[in-house]
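Student: I am new to this structure. Please take a close look at the aromatic side chains, and at the strands around them. Which rings pair up, and where do they sit?

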Amino acid sequence: MHIETIAIHAGNRTDEASQAVIQPIVLSTTFERNETGDYPKGYIYSRAANPNRELLENVLAKLELGADAAAFSSGNAAGMAVFQSLKPGTHVIGPDDMYHGLRNQLKTLFAGILEFDFVDLTDISVFEKTIRPNTGLLWIETPSNPLMKITDIDALVKLAHERNIKVACDNTFASPVCQQPLTLGADLVMHSTTKYLSGHSDITGGVLITPVKDEWWEKIRQIQQLGGAIPSPLDCYMLTRSIKTLPYRMRGHVQNAQLLAEYLEKHPKVEEVMYPGLPSHPQYELAKKQMNYAGGMLSFVVRGGKEEAFKVAASCKIFTHATSLGGVESLIEQRASNEGPDSTLPQNLLRVSVGLEHIDDLIEDIAAALGEI
């Protein structure tokens, strides 16, 4: 099936009891046993399994062309499950601009348990030089947050697999509509489902998706069920509902982001625009090769410094000055301040989640805000 059909049908089934076309929300935490003590429907306790979570995981797996999916209460919880699945002493290689939430998780919660290096993964030779005998995981994030770097998934996967290194790819910025890393050989895909998969800035969640139910995957499943960092039935229901419109929403995000990036690139008060759909992007050809669409995220650098960047963000009327991304509403943020004092990002960089408002209104809003500096 095509992705539009998968998004609508793979997370739904007709209710047996009522014949309701849309599945009901099952809030029960426990399920009845039969006279022999068995569980005829396969559900025991909601931490282990729930009908709404089962349907959500089914549609998420199919969107990424995977064999199975495990839903979590947040993207950070999903990432943590991957790190928890590794043996103590395992060396992890991640990108130098890895999402700060997961990078800080490694540096704080896993310090002394795992070893890690953060390097420029757009340079394959740097990755090769960083490999150690105990390297067990390569963590890819592409496009990266917020510098929009594009990593060659296929090339890095081949090098990693030659050395028995597993590869996980954070696909949050792209969504399954724009990119499917499992088709390029990745061993695992991660999403913060809070973002594009939810699409309405009202659900927090995460997911891991595997191409094969192997021993590593069973360990991750065990962490999910025993650790208990699972989404509620209501969140699963709402997320499944949101996914039905994902393919069409993403096309709107992409179209608006492309037009906004082209406008900003010509603006005299903008130093640089980072968007993989622009020919000026250093990995433009690679993005065309491995992505279906360039995505709905972009970053740009305003002329001036931190003060000018904050002024632009605060002057916008349609773009909301807020963290997060992937919702129907457009957001803008001076990103370095969110990452904290250790951030190496330019102080005049603004990260933009381009929403589904009319593009003329978005451009007019940015134009007015840039006119303020």
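Tutor: What follows goes through the aromatic pairs and then turns to the strands.

This is a predicted model, in which local features need pLDDT of at least 70, side-chain atom pairs count only at pLDDT 80 or more, and totals for chains, interfaces and linings use all residues. Residues are numbered from 1 along each chain as its sequence is written, and side-chain values use heavy atoms, with hydrogens and water left out.

Start with the count. The structure holds four aromatic pairs. Rings of Phe, Tyr and Trp (its six-membered ring) pair if their centres lie within 6.5 Å; planes under 30 degrees apart are stacked, over 60 edge-to-face, the rest tilted.

One of these pairs is phenylalanine 83 with tryptophan 139. Their ring centres are 5.4 Å apart. The planes stand at 50°, so this pair is tilted. Now follow the chain. Phenylalanine 83 lies in helix H3, residues 75-84. Tryptophan 139 lies in strand S4, residues 135-141. (Helices, H or I with at least four residues, and strands, E with at least two, are DSSP runs numbered from the N terminus.)

Both partners, phenylalanine 83 and tryptophan 139, are buried. Buried means under 20% relative accessible area, exposed over 50%, partly exposed in between (1.4 Å probe, protein chains only).

A further residue joins in. Phe110 belongs to a cluster with Phe83 and Trp139, linked by ring pairs.

Next, look at phenylalanine 116 and phenylalanine 118. These two also form an aromatic pair, and that pair is tilted too. The distance from centre to centre is 5.8 Å.

Residues 115-119 make up strand S3. What runs beside S3? Strand S2, residues 91-95, is parallel to S3 and joined to S3 by five bridges. (Two strands pair if DSSP finds at least two bridges between them.) Pick one spot along S2. There, isoleucine 93 stands opposite aspartate 117 of S3. To get from S2 to S3, the chain goes through helix H4, residues 100-108.

Finish at isoleucine 93, with aspartate 117 opposite.

Technical notes. Right-handed = clockwise from strand over helix to strand, strands pointing away.
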